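Here is a short note for a colleague opening this structure for the first time. Please keep the model open while reading the points.

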Amino acid sequence: MLTSLFVTLGLMHLIALASPGPDFALILRTSLHRPTALGAALGISLAIMVHATLSLTGISMLIASHPLLFMVIKCCGALYLGWLGWGALMAARQQSSTVMASTANELHGWGRGVRTGLATNLLNPKALVFFIGLLAAMVTPEVDGVTRSLLVGELFIISLCWFGLLAWSLSTDRAQRLLLRVQRPLNLVTGVLFALVSLSILVSMGAELVA
């Protein structure tokens, strides 16, 4: 029973990680500097661990049940993702020769990568809702505390392996040569992705206020 839970939860989480989203876009944006990309991978994984812990302890459900608090979190998340999108779109307007330098200056360094990755995932309210739904549906009240801790560890390790491998692969010399050739459209795509997620959050907030 527990083996099935670990395998099923791990597979579902891996499928979710492989889907394009703000986390994937951030790794692409930071891949010009490997330490920054690896830091972002660690930050995203730590945020996922926090989401999983909050969901399994019921804190996330408590947050979601308070409309005003949840609205504040969604607003902060939308603004932050929108700010990242604006930075990517501004980089896409620059000449190819200056894009690399501007991106490196904007997001540079291991610590900066960790902080940006942590904030990008932690402030994404869609991630909060995803983990509430996934873990509430799969982890029954009968599952003990030790097993819950192991599940959190599993999600963290899977996330770190996935994003760490992605960051390492995209920051190789061969990948860099390819990415540099498409840097402007890449910034455009990642900027639009961040902007769409931000806009969708704001639209949902507006719909809730009108309703």
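1. Tyr80 is buried, at a relative accessible area of 17%. Trp83 is partly exposed, at 47%. Buried means under 20% relative accessible area, exposed over 50%, and partly exposed in between (1.4 Å probe, protein chains only).

2. This is a predicted model: local features need pLDDT of at least 70, side-chain atom pairs count only at pLDDT 80 or more, and totals for chains, interfaces and linings use all residues. Residues are numbered from 1 along each chain as its sequence is written, and side-chain values use heavy atoms, without hydrogens and water.

3. The whole structure holds two aromatic pairs. One is Tyr80 with Trp83, tilted, 6.0 Å centre to centre with 35° between the planes. Both sit in helix α5 (residues 67-93), three residues apart, so about one helical turn separates them. Rings of Phe, Tyr and Trp (its six-membered ring) pair if their centres lie within 6.5 Å; planes under 30 degrees apart are stacked, over 60 edge-to-face, the rest tilted. Helices are DSSP runs (H or I, at least four residues), as are strands (E, at least two), numbered from the N terminus.

4. Phe130 and Phe131 pair edge-to-face, at 5.2 Å and 80°. Phe130 is partly exposed at 34%. Phe131 is buried at 3%.

5. UniProt (unreviewed entry) annotates "transmembrane region" at spans including 127-143 and 188-210. Its positions follow the numbering used here, feature names are shortened, and annotations may be inferred rather than shown by experiment. Residues 127-143 are 71% helix and 0% strand, with end C-alpha atoms 23 Å apart. Residues 188-210 are 100% helix and 0% strand, with ends 32 Å apart.
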